[in-house]
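Visitor: I am new to this structure and would like to learn how its features can be read, one at a time. Could we look at it together?

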Amino acid sequence: MMNLPILPTAIVGSYAMPGWLERLKTDYFSRRISRHDLDEIYDAATKAAIKDQEIAGLDIITDGELRRDNNVDYFLERFPGVQIDRSSKKFYYDFYDSIVRGKLPMASLGLVSDFRLLRDFTQRETKFNITGPHCLAKRIRNQHYPSEEALAMDLARVMNLELKALAKAGARLLQIDEPYYSGFPEDINWAVRSLNALVDGVDAKIAVHICYGNRYGKPSWEGSYRYLFPAILDAKVHQLTLEFARRGGEDLDLFTEFKPSFELGVGVIDVKSHEVETPEMVAEHIRRTLEVVPPEKIYVLTDCGCVHLPRDLAFAKMQAMVQGTQIVRKEIGGRAATVIDRPVRA
Amino acid sequence: MILKLNHLQEKVAASAAQDVVATIYSLLEEGHIGKEQFARLQIELDWIQYKQNFRDVVIATEGYNAQGEPAPIMDIHIDTRQVQPGCLRVEMLNAFARAKARANPGTEPVDRLPLEGFQSMRSSVVWEFNKLYWNKLKDWQDATGKRYEQSLPGGQSDGHQPQAIADSADEFWNRMRNLEARNQLPSEIFLLEIGVGTGTRMGLWLDKFRELDRERGTAFYPKLRILLGDYALGTLDMSRPAVNEHVDLCSFLVLDAQNPLKTLSFLRYKIMYVHSTNVYDNLPDEEVVRRDGRLYFVQVRAYIPMSEVVRLAAEFGTAPETIRQSVDRLLEGRVDQFGSRARGVDFWREVWKAVRLEERLVQLEDLPEFPFPEGLDAAKLEDMLEQAPSDFRFHLSSGALESFVRTLPLLHPRGFLEVQDIFVQRLDDYRLGFYGPGKLDGSLLNWVNGAILKEVAERAGYDVHFAPFQYRKGSKTSVLYTTRRD
C-alpha cells in the first residue's frame, strides 16, 4: 500500500548531474581517486539529490541516478555474459560498445544496495528505475541469439530476478525505462512481450516510461505515441509515464480513443528547456490531462530525467511542478491526501 | 631563441633566414636584446595568410602578466615579402621601439593613427569594416566592377559547384526516403541556409531535388520549407531571383549568423538540414597563444600607418588630423563623403587597404575568469590542451563556435548540419603554421578552428566529421558534417 496524496509528484528518474561529479568520475578512470572514494562521493551526491527532492516537496523520491553514466552502461556492466569494451567511449555520457557472444547466465545485478540507500535516507515513497530489455537489446551487439527479441527476452529473464529482489527489499514502485520504443515503433509487439517477461511475478507497482529520448538533453526522435496502440494495451504494467510538456498534449486523446486501464504519469515539465515553467503552466497541463484521465489515476512528473539540467534549474522546475499540482488539488476538492491501494494487475 | 620557418617562399627563405639570424645577433651584441630575452625569443618568418592582410613588416609582441605589468618582447613576426633590401635592421629596431612605447602607459605612437584601444580581436573595429561591407555590398561592387564571388580563390564560390549540389540533393532525398520507410517523416521538412549569398546554391539544390522527387515518384518536395537566412536585407533581396521558381516554399529571414536560435527558437529540434558556405570564416574571432606552459590572450589594436594617413589626406583633399573623423563617419555607414558616393567608396577602399593590426599578449592567470564564447569553458579547453602542442597559437573561433552551438539545437533528431569552410581540423595542425586573418575584398577572413568545434559538439552529444571538398582541385575548403550521436 502506498501512502500518497492525490496527483502524486515525482521526477521521472534522474536528477541534475553536477559537473564536478562528471569530472570526478573522469579522475577515477585516470586513477587519480580510488573506487572507495568514488563510492563515497556517489553516496554523498545521492543523499543530496534525495534531500533536494524532499525540499522541493515531491511525494515520491528517486535516488537521482547519479551513479549512472547513462541508462544503459549502468546495467550492462553488471551483466555477466555481456562483454564491454572500456576503451570505446570518449565522453562520460556516451555508451560503451558491448557484445553478447553466448547465452546470458542467471546472476544478481547488485541493484538492491543502491535501492537500500534510497530507502534508508527518505521517509517518503520511493521509485527505483530499471532500463528495460528493449532498450538494452538495442545497444548490445548480438552475436549469439537468433533475433533481437530473443536477446531481449533473455535479458528480461535475468532482470526479472533482480526486480523480485528489489521488491523483496521493499521497492514498491519500480519504473521500467524504454526510451527506444519511439525510435523503433516496428518493434512494439515483441518489446511489450519482453516487458511482460521482465515484470512477471514482481510484487510491486510497475510503471513504464516511454519518451522520445533524452541523450545529452535532446530528443532522439519525433512523432506521435499513436504507434504504441493497441500493442501497449497488453503490457502487464500499472502505469504509463509519457512526455507531454515539450511535445504538447495532443496525444492525450489516445487515452480517450483506446481507454487503457493504466494510470498515467503525465510529463508536465520540459527537461530539454532551460526555461522554468510557472506553476500555472503546470496546472494547465494537469487540467488538460484531467479531461481524459480521472485524478486518482494521474501521477504528475517531469517529461524525462533531469540529468542534463543544471541543478538550480532542476530544483526550480521541481518546485514549479509541486506548486502547480497544489493549485489543481485545491480545484478538484482539496483532497490533500489519499491512500491508493496497489492496483491488481490486469 | 627559436626560429620558425614557414614554406611560403622556398627560394628566398634560406637567405631571408640568414639575414634574420645575423641581424638578431648584432642586436644582441649591441644590447638591444637582453641575454635572457634572447633565450626565450621566438621568431616566425612569413606567417601563412592571405596576401591582403593586416600585418606590418615586423611585429614585435610583448607580453603582460595577469596584473598588467609588461614583460619583455616574446614573439617577433617578420614578413620577408615586405622587407625592402637592407631595411630589416631598421624595421626590427622600429618594432622594438613601438613595443617599448606600448609598455609605457600614456605614450601615444607617432608613426601610426590608432583606431581603437587594445582589445580582443572579436571586438576590434575591423569587424565594423566587415559589417559595413555586407551592408553596403552593392556600393562596393559598383565601385570595383566585380562581384564578391570573383574575389574568392577560383573566382567563384565552392558552394555553387553543380555536382556537389546534385549529390547533396540526392543524399537528402535518400534520407527522407529512409524516414518515410520508418513512418518518421515530418509533415513539414525544414531546411535552413545560413548566409544565402546570391541564392544560387539553394536555387540549384531545389531544382535538383524537385527533379529527383518527380523522377522517383515521391512527394517530398511540396513538404519542404526553405528558410533563407542572412544578416543583410539587401543580400536577401539579391538572392530572391535565384529561387524564384520555388519561392512558394521559401521564407527570407534577417538572421544573425552568430545566433540562429534567437530568430528560430520556435523551430528547435525541427530543422532537417542546415547548410552554410564560407560564413564561419567571416565571423568575429579571437586568438590565444600558449607559450612556456602559460596561456596568453591576444589583444589587438587597429591602426593606419601615418604615412598612409598623409597619403589619404592628400588624395582626398583633407587634413591628416581629420582622417580619423572621416573613418568614424564611414563606419557609421556614410559612404558618400568627399563630394560623391563614388568618391566616398574610394576612400573606404583605400582606408581598408591601409588598416593594420598590432598586438600584445596578456597572460591568463586564471582560466575560469576568461570570457569564453558560449559552448566552451575552462574545463573543456584544459582537456583539449592536454593533447595539444606545448607552444602554439590558435584561433578560439568565438563567432563560429557561437554560431555552431546556437544552431545545433535547431536540428531535428535525424537532421544534419553541413558547413563548408576553411577549417583547421586538429589542434596539432597548428604546428604546421598559424593562418592569420586576411582581407578578402572588403570583408575579413579567418581560418576556423574546427578542432574546437568538434570537441564542443562531441561533448554535447553530436558526431562531427570533416571531409575534403572533392569537387574542385586545389580547394582549401572542407566540409564539416554534424549529426546527433546515436
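Guide: Let us begin with a term that the opening case needs: a polar contact is a pair of N or O atoms within 3.5 Å, and within protein one of them must be able to donate a hydrogen and the other to accept it. Please keep in mind throughout that this is a predicted model. With that term in hand, look at the start of helix 13 of chain B, where a side-chain oxygen of B:Asp377 reaches to within 2.8 Å of the backbone nitrogen of B:Lys380.

Visitor: Which residues of helix 13 of chain B are buried?

Guide: The general idea is that an α-helix has 3.6 residues a turn, so residues three or four places apart point the same way. In helix 13 of chain B, which covers residues 378-386, the buried residues are B:Ala378, B:Lys380, B:Leu381, B:Met384 and B:Leu385. Viewed down the helix axis, these buried residues of helix 13 of chain B fall within an arc of 165 degrees, and so they line one face of the helix.

Visitor: What do the buried residues of helix 13 of chain B pack against?

Guide: They pack against strand 11 (287-291), strand 12 (294-305), strand 14 (392-395) and helix 15 (450-459), which also belong to chain B.

Visitor: How should I read the interface of chain A and chain B?

Guide: The size of an interface is often given as the accessible area lost when the parts come together. Here chain A and chain B bury about 1,700 Å² between them, and 44% of this lies on carbon and sulfur atoms. Three residues, A:Phe91, A:Lys218 and A:Glu222, supply 33% of the area that chain A buries against chain B, which is more than any other three residues supply. The contact draws 20 residues from chain A and 20 residues from chain B.

Visitor: How many salt bridges are found across the interface of chain A and chain B?

Guide: The rule finds two salt bridges across it, and in a salt bridge of 2.4 Å, N to O, the side chain of B:Arg485 meets that of A:Asp94. Counting polar contacts between chain A and chain B gives 11 residue pairs. On the side of chain A that touches chain B, the residues divide into six nonpolar, four polar and 10 charged.

Visitor: Which salt bridge does B:Arg112 form, and is B:Arg112 buried or exposed?

Guide: The side chain of B:Arg112 meets that of B:Asp56 in a salt bridge of 3.1 Å, N to O. This pair links distant parts of the chain, since B:Arg112 is in strand 5 (residues 112-114) of chain B while B:Asp56 is in the loop between strand 2 (42-45) and strand 3 (58-64), 56 residues apart. To judge burial we need a cut-off, which is under 20% relative accessible area. B:Arg112, at 4% relative accessibility, therefore counts as buried, and B:Asp56, at 12%, counts as buried too.

Visitor: What does B:Arg311 form a salt bridge with?

Guide: B:Arg311 forms a salt bridge with B:Glu350, with the closest N and O atoms 3.0 Å apart. This pair also links distant parts of the chain, with B:Arg311 in helix 10 (residues 306-315) and B:Glu350 in helix 12 (residues 341-354) of chain B, 39 residues apart. At 30% relative accessibility B:Arg311 counts as partly exposed, whereas B:Glu350, at 16%, counts as buried. Salt bridges can also share partners, and in this way B:Asp56, B:Glu62, B:Arg98, B:Arg102, B:Asp111, B:Arg112, B:Arg301, B:Arg356 and B:Glu358 are joined into one network. Over all chains, the structure holds 76 salt bridges.

Visitor: Where is B:Ser397 placed, and what is its phi?

Guide: B:Ser397 sits in the loop between strand 14 and helix 14 (398-405) of chain B, and it has a positive phi of about 50 degrees although it is not a glycine. B:Ser397 counts as buried, at 3% relative accessibility. B:Asp441, which is not a glycine either, has a positive phi of about 55 degrees, and its place is the loop between strand 17 (438-440) and strand 18 (443-445) of chain B.

How values were computed
Residues numbered from 1 in each chain as written. Chains lettered and ligands numbered in written order. Predicted model: local features only at pLDDT ≥ 70, side-chain atom pairs only at ≥ 80, totals over all residues. Heavy atoms only, no water. Buried < 20%, exposed > 50% of the residue type's maximum accessible area, 1.4 Å probe, protein only. Helix = DSSP H or I, 4+ residues; strand = E, 2+ residues; numbered from the N terminus. Arc of directions from axis to C-beta. Contact = heavy atoms within 4.5 Å. Buried area = accessible area lost by both parts, 1.4 Å probe. Salt bridge = Lys/Arg side-chain N within 4 Å of Asp/Glu carboxyl O. Nonpolar A, V, L, I, M, F, W, Y, C, P; charged D, E, K, R; others polar.
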